[in-house]
Amino acid sequence: MKVKVLSRNPDDYVRETKYDIQRVPRNYDPALHPFEVSREYTRALNATKLERVFAKPFLASLDGHRDGVNCMAKHTTSLSTLLSGSCDGEVKVWNLTKRECVRTLQAHEGFVRGMVVRYCGASFFTVGDDKTIKQWKMEAPGYGEEEEPLNTILGKTVFTGLDHHQKEGVFATCGQQVDIWDEQRSSPIRSFTWGVDSFSAVRFNPVETELLASCASDRSIVLYDMRESAPLKKVIMTMRSNTLCWNPMEAYYFTCSNEDYNLYTYDMRYLKRPFTVHMDHVSAVLDLDYSPTGKEFVSASFDKTIRIFPKDGGHSREVYHTKRMQHVICIKWSSDSKYILSGSDEMNIRLWKANASEKLGVLAPREKQARNYNQKLKEKFQHHPQIRRIAHHRHLPKNIYHQRKELKIMKEARRRKERNVRKHSKPGSVPVMSEKEKHVVTVVK
Amino acid sequence: MASPGEAAVQGSHVEKKKKPPARYWQESQQEVNDGNKVDKGKDKAEEAVQQKTQKAKKRKQEEHQRDGKKLISGKSDPFPGSAPVPKERMQKFKRKGQIKKSRGQNYMLKDIISRTEEVSEMSQKQAARVDLLLPEDAGFLEGGEEEDTCTISQQDIADAVDITSASKYFNLNLSQFGPYRLDYNRTGRHLVLGGRRGHVACIDWQTKQLMCEINVMESVNDVKWLHSETMYAVAQKKWLYIYDSNGIELHCIRKFNDVLRMQFLPYHFLLATASATGFLQYLDVSVGKEVAAICTKTGRLDVMCQNPHNAIIHLGHHNGTVTLWSPNQKEALVKMLCHQGGVRSVAVDKTGTYMVTSGMDKKLKVYDIRAFKPLKSYFLPSGASCLSLSQRGLLSAATGDIVQVYRDVWSAPVTKPYMAHRVRGSVWGLDFCPFEDVLGVGHGGGFTSMLVPGAGEPNFDGLDANPYRSAKQRQEWEVKALLEKIQPELISLDPTQLGQVDRATFEQRHQDRVQALGFDPFAKGKFIPKYKKKGRSSAGSVEKRKKQVAHEDQRDVIRKTVEAKMKMEKEKKEKKKTTAALSNQKSALDRFKK
């Protein structure tokens, strides 16, 4: 007779002293772990609920401006520095880690319209309502020295926007026309116009560095090549675009914030129809900025909210609002992709987390592992109705909630009318227009 | 001519293509071979040049890198690459069904699916690899020559094994309050005994420590541990009671009356009870609420078991049927006629594949519970009153006062029991202890703990059911388990259903489309025949015209389908042709082929 009976030595399964950690032998046999899917689903549900519980995005408010914040600029080399310009011509430099103002200077008379930090981070440019372009040193002046610009250029007309080249001493302004300036000269090296219009924003392409795009007040977006004398092409939309921003990773895409409450992402090579229409705001969109990963962007709107959109999603994944925040005029996504900065009408700059439920600070390895696991679970079960309902629920201020409902009703009514027209006309005579096609009037080359 | 060293390397490179990877016992031999090959080096090198395609070059590069390592240590790796995983072991970790990739799917979705599949494949492989490191092996019992294993007595086994295992064979002489029902908890450390005449006792049976002993002064129908060893439920004469491990009465649940049998669903925290009045009730023990009460309308329910794979409750009835129940439905999910005469006992195996039933017709039947098909039928003289299945698939059946254990009842026809043992008094309760080679038998004379080698799962998972856990670990586990409590709504016949894609039917999609467009693109207006004069619109001719149009329409449909079919066939042929052409296309390098 040969016999063997299971007999385990407890020494192999129990810790030796109470100072050791407990031994946990594992067996991954699926037969020992029944209800795999249901348990994972339950975990995903819990993770989703906890994410909502811990969603506390607001970090700090930087106050000190004496008028509405009109523009902001990220420092190109320092993560903790932020520049902001207000409607009374004052420029402030902030230290974000200490959350305090480190320098104040009266840059212009009237609004500071645009601001940009030079690629090296040693100086910055501002344009204002007083028709000047000023270059300032990043360092504060020493004791007893007067705050003076390095350089001042007097223009003929008011400038409304400004952007700097990625790696050369060239910058672009917009106003009555789009001008390209050499830093060494006091007159533009090139000026672009296309029809009679004024421009509200100009941006250099971050990858194809000679390319520019600008928003004009005749409802068009114009593309330029700096090396050519004439603009490349333009797309005319049904409503005016306020600002635009290039996707930093896939720089053939750019997104523009429009007056018709939507944002449009275009492929530069194919302007006939936008790549995506981003809807959710209930008032004009004033500004946007891409995250440095190029996967998401944040938009600021006249409806007193900030929304975060995935680059290819039609609806926002997140909305931020507070009772005290008024019309948000400018917005920036920090270069470490973790924070969002918003400047609004009521003189404050607000610091938000880009991921509302993220834990700040250093994570222990087990915390990190748990977070990653929960992330994956949420992703896996995101389409299950209950999980989706919890993950998508956001509290909205009453007026925005009602406005949204109203807009929905209006849209439905329009749709219904169109459907009825189609129903009672000859088949094919009223074509179905997709949402993407509706907002583009023409493309001119 | 190439230098000898190089030639040797190249020679081995060519060799490797034909032979399986070199083993350490071949090494000395190979070295001798290499010496012989030096002079042949040149021809071999030429051969290698001829076969040089892009791929071969790449492979060679990798080979060289590996050779570089070899040069440093002076020895080559006898087992290059990652270790292969046996197929059977991989099969153990395979999950049900891969996602079918249809042609019309979005490329991004396809990409995501293929990537997740890759990851899951990788993790399965890793798990299969780790399987090798499991510390324990399952027990076994083999008879000598001409010796049946069923003739080996318990005492012989106890004498043959080590002291700790021998101490697991014991008898408790409790003739006063029997017969006994019993239940092991999920870790297999604790045992609760319930005597028919009111005796209830909890024992840490391995250390033989008595945790509590009470007499409820009422008849006891069944006892069951709840999720941990701190609480157990006792079905008494009238109500259901919950006691803690010190024997203190925690709850008397008056909603649950005349309970005869109980089952605890550990992942759902549900206590399912079957009563003499024909009610199947579910109690959520984490919140203390009754989840469902189902009137089965089948009379007294004294045969019950659970399917541990999908948490479905199986009930056996007097008319020979077995019914399957979930708390979400008032009707039985399935009704199976299993026996002529009443069902005496039911058991379902751990993987939820097989169900074993025994009935008054003295038969023991095995069913495939996934397909609801009978697999095997055995005749047992005097029939089995109690059945129990172990973690590794041993079946114990009690006939009168004899307990028999069978092996492989579903795969091969069984003629002899694996083991047999006679106890003092007729058997009333049978249960295998999880993670141990032990079968607990409750009978009229008390309780017997039998050794059944090969019954228990040798390797437990420390995070799921750990027999060696401390009180602190148990508390932690309890919190985790409560967080992961599966809602009773998720109980269904197929537990993986939640992870599958819910596809919209054609009808539904069509409806959505109609809703969006405002009209039905496939709708055809009804043909209304024109009124014609001169008696040509008589009822007969109108009907005739209608028929003609209908006939024409039908012909149209048929023509279209035939055309579509032809087109598809043609495309298929074309595709075949092109692939065939591609496969035997001549390349410039073909001239070097022999």
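1. **Ground rules.** This is a predicted model, in which local features need pLDDT of at least 70, side-chain atom pairs count only at pLDDT 80 or more, and totals for chains, interfaces and linings use all residues. Residues are numbered from 1 along each chain as its sequence is written, chains are lettered from A and ligands numbered from 1 in the order in which they are written, and side-chain values use heavy atoms, with hydrogens and water left out.

2. **Chain A overall.** You will find five helices and 30 strands here; helices (H or I, at least four residues) and strands (E, at least two) are DSSP runs, numbered from the N terminus. The C-alpha trace of chain A spans about 105 × 80 × 45 Å along its principal axes. Of its 445 residues, 48% are buried, where buried means under 20% relative accessible area, exposed over 50% and partly exposed in between (1.4 Å probe, protein chains only). Among contacts in chain A with a separation of 6 or more, 48% join residues 24 or more positions apart; a contact means heavy atoms within 4.5 Å. Chain A exposes about 22300 Å², with carbon and sulfur atoms supplying 51% (Shrake-Rupley method, 1.4 Å probe; for residues, only the protein chains shown count as cover).

3. **Chain B overall.** Chain B has 11 helices and 29 strands. Its 594 residues are 42% buried, and residues 24 or more positions apart make 47% of its contacts with a separation of 6 or more. The accessible surface of chain B is about 34800 Å², and 53% of that belongs to carbon and sulfur atoms.

4. **Strand β4(B).** This one deserves a look: six of the six residues of β4(B) (residues 190–195) are buried, so the strand is largely enclosed by the rest of the structure. In a regular strand, side chains alternate between the two faces of the sheet. Both faces of β4(B) are covered, with His190(B), Val192(B) and Gly194(B) buried on one side and Leu191(B), Leu193(B) and Gly195(B) buried on the other.

5. **Neighbours of β4(B).** Two strands pair if DSSP finds at least two bridges between them. β3(B) (residues 180–184) pairs with β4(B) in the antiparallel sense over five bridges, and Tyr180(B) has Gly195(B) as its bridge partner. The two form a hairpin with five residues between them, and Gly188(B) in the turn has a positive phi of about 80°. β5(B) (residues 199–204) also pairs antiparallel with β4(B), over five bridges, with Val192(B) opposite Cys202(B). That hairpin has three residues between its strands, and Gly198(B) in the turn has a positive phi of about 105°.

6. **Strand β29(B).** Six of the six residues of β29(B) (residues 446–451) are buried. β2(B) (residues 170–173) pairs with β29(B) in the antiparallel sense over four bridges, placing Asn173(B) opposite Gly446(B). β28(B) (residues 438–443) pairs with β29(B), again antiparallel, over six bridges, and Gly442(B) bridges to Phe447(B). β28(B) and β29(B) form a hairpin with two residues between them.

7. **Cavities.** The structure holds four cavities of 30 Å³ or more. A cavity is a set of points on a 1 Å grid over the protein atoms alone where a 1.4 Å probe fits but cannot get out; lining residues have an atom within 4 Å of a point. Grid points are joined across faces, edges and corners, and a volume is the space filled by probe spheres set on the points. The largest cavity has a volume of about 70 Å³, and its lining includes Lys74(A), His75(A), Ser334(A) and Leu341(A).

Note on methods. On a 1 Å grid over the protein atoms alone, a cavity is a set of points where a 1.4 Å probe fits but cannot get out, and a pocket is an open set with protein on both sides within 12 Å along at least five of seven lines; lining residues have an atom within 4 Å of a point.
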